[in-house]
Amino acid sequence: MDRWKGKVAVVTGASSGIGHAITKSLVEKGLLVVGLARRKEKVDELSNELRNAPGKLYGVRADVTNETDIIDAFNWIKDNVGIVHILINNAGILRMTNLIEGQTALWQNMIDTNVLGLCIATREAVKQMRAHNVDGHIVHINSISGHKVVYHPLMNLYPATKHAVTALTETLRQELNSLRSRIKISSVSPGFVETNIGAAAAVGSGNPERTTEMENAIRCDAALQPSDVADAVMYVLSTPAHVQVHELMLKPLHETF
């Protein structure tokens, strides 16, 4: 990771869960990290906790479902922090609905966050990297659901959005190859991770009173921790320049799917 010290990394969805853990790890490795989140105050709290770390954390309020927010954030980063070298596309959501009687607005929210937001952030990062001849690295935080459909109540469109991330990883690799670019693209696909995705799904679906129900529906006996995923990302980023980890899948021991 030494070659990344002092370089700029962007993490979407940095305010909690996996994004929070990745952000913390990058700052501790000496990077200048910009955490994008709707809840900027949460990123600012982490920045204060890490004030004595080798790197530095900047919080930027941005909603990845809003293209203008993303573009403005990347312009601010270029003007105030530096050229982006690493992008971690972590922001992702689940919403409480189904396919048979599903709510279109909730489907759209998942597509806008998990797919389109990822594409827009990737485009803006690659634009900076290519303009400044940066051998950068894009990491998509994917899911086991991006490779197989695991039945849980109310999963609905979520596996489809993560299958899209799998396809987008390969498509971007091919596009970068066609340009002879040295920018890397990697997908990291964890199994079940102990985060607040269930609570966020209930609240984001307008049903906060169903938080416990949603958490119970998606909880597994075996679980990874956000720090486990952060460790996987650090490994992917630490590989030599000629090594591209295309897909890294990690599961908790004894996971049943």
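I take helices and strands here as DSSP runs, numbered from the N terminus, and I keep in mind throughout that this is a predicted model.

**Entry 1, the sheet.** I began with the strand order and found 7 strands in an open sheet, arranged S3-S2-S1-S4-S5-S6-S7 with parallel pairing. The edges are strand S3 (56-61) and strand S7 (247-250), each of which pairs on one side only. From one strand to the next I read an average twist of 20 degrees. At the S3 end, I noted that strand S2 (residues 32-37) runs parallel to S3 and is joined to it by 6 bridges, and that Leu36 has Val60 as its bridge partner in S3.

Helix H5 (residues 158-178) lies across S5 and strand S6 (184-190), and I noted an angle of about 160 degrees between H5 and S6.

Which way do the residues of S5 point? I found His137, Val139 and Ile141 on one side and Ile138 and His140 on the other, all of them buried. In a regular strand, side chains alternate between the two faces of the sheet. Since 5 of the 5 residues of S5 are buried, I describe the strand as largely enclosed by the rest of the structure. Its pairing with S4 is parallel and runs over 4 bridges, and in S5 the bridge partner of Ile86 is His137.

Leaving out residues up to four places away in sequence, I listed its contacts as Trp4, Lys7, Val8, Met129, Val134, Gly136 and His137.

Helix H4 (residues 104-131) packs with H5 at an angle of about 15 degrees, the axes being 8 Å apart. The crossing of H4 past H5 is right-handed. From H4 the contact uses Met110, Ile111, Asn114, Val115, Leu118, Cys119 and Thr122, and from H5 it uses Tyr158, Thr161, Ala164, Val165, Leu168 and Leu172. I sorted the residues of this contact into 10 nonpolar and 3 polar, with no charged residue among them.

Definitions and conventions: Residues numbered from 1 in each chain as written. Predicted model: local features only at pLDDT ≥ 70, side-chain atom pairs only at ≥ 80, totals over all residues. Heavy atoms only, no water. Pairing = 2+ DSSP bridges. Helix = DSSP H or I, 4+ residues; strand = E, 2+ residues; numbered from the N terminus. Axes fitted to C-alpha atoms, helices over the stretch in contact; angles between N-to-C directions. Contact = heavy atoms within 4.5 Å. Left-handed = near helix turned anticlockwise from the far one by under 90°. Nonpolar A, V, L, I, M, F, W, Y, C, P; charged D, E, K, R; others polar. Buried < 20%, exposed > 50% of the residue type's maximum accessible area, 1.4 Å probe, protein only.
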